[in-house]
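Please read the following points with the sequence and the model side by side.

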Amino acid sequence: MLELDDWDMLKPAWRGGQNVARRRRERPVAVTRAIDALRTQLLQAMKAEGCSRLAITAPTSGCGSTYVSVNLALGMAAIPDIRTVLLDLNQRNPGVAAALGNTQEQRIADLLGGAVAPMDYLRRHGDNLAVALNSEVPPNPAELLQSQSAVEMLDELTGVLTPDVMLCDMPPLLEYDDVMAFLPQVDAVLLVVDGTRTHAREVARCRQMLEGRTTLLGVVLNRGRAPRGKV
């Protein structure tokens with residue numbers, strides 16, 4: 001008999017969300033190439049730094065951190081021997097479900113609060129991508145992220161599924177304290193900035209906030225053409 005590991009025991013994603021390869025094919029070629037290049041550089045940097053848990057955030061809303069998180073996860077899922085977990089921890093404005101075309105309602109507050117086990121909450125996409133979605137905004141996002149139950153949940157998830165990479169889509173760093181509250185649970189941060197709206201002083205402020213607390217693994221420039229005088 002074929003022995004199944006815990007990863008294989010995860011429930012499959014909703015119908016229409018399971019075909020990771022199809023979703024990659026639907027993207028414009030230029031986007032796929034850019035995301036794949038970012039994926040490769042990121043994996044190399046994470047290996048060099050000994051990182052596995054990565055928080056993805058932005059200085060302010062609308063910079064595209066959820067877009068980058070989802071597409072990085074899909075890109076990593078194309079590598080057969082890398083198991084990736086994507087957590088929608090942007091409880092202020094959850095967007096991973098919509099980006100994946102899902103309408104199923106899930107409360108990640110239940111997962112963070114210990115009301116449901118990771119194996120019962122996460123859904124598997126293809127062979128090596130597992131996703132935790134969120135459809136509701138709780139009254140206490142930052143408090144949930146720094147709760148003992150959240151720490152225990154992450155440890156359980158890591159111990160059971162042993163993912164190679166855990167991507168955490170987070171709210172904007174300068175607008176909420178969620179990222180700072182969650183820093184002890186991640187190894188590094190990836191900052192997504194918008195070439196049409198992000199100011200240099202905002203990037204500098206983010207660097208200052210993270211300095212000495214975690215590794216800023218890189219800064220991703222989204223919408224690279226900035227209007228004169230904007231940045």
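Which residue in β5 is the bridge partner of histidine 125?

1. The partner is leucine 129. Strand β4 (residues 123-125) and strand β5 (residues 129-132) pair in the antiparallel sense over 3 bridges; strands pair if DSSP finds at least two bridges between them. Helices (H or I, at least four residues) and strands (E, at least two) are DSSP runs, numbered from the N terminus.

2. This is a predicted model: local features need pLDDT of at least 70, side-chain atom pairs count only at pLDDT 80 or more, and totals for chains, interfaces and linings use all residues. Residues are numbered from 1 along each chain as its sequence is written, and side-chain values use heavy atoms, with hydrogens and water left out.

3. The open sheet has 8 strands with mixed pairing, in the order β1-β4-β5-β3-β6-β2-β7-β8. Its edge strands, each pairing on one side only, are β1 (11-12) and β8 (215-222).

4. Glutamate 49 belongs to helix α2. Because its relative accessibility is 49%, glutamate 49 counts as partly exposed (between buried, under 20%, and exposed, over 50%, with a 1.4 Å probe and protein chains only). Leaving aside residues up to four places away in sequence, glutamate 49 touches Thr215 and Leu217 (contact means heavy atoms within 4.5 Å).

5. Glutamate 49 and aspartate 187 are 138 residues apart in sequence, and their C-alpha atoms lie 8.8 Å apart in space.
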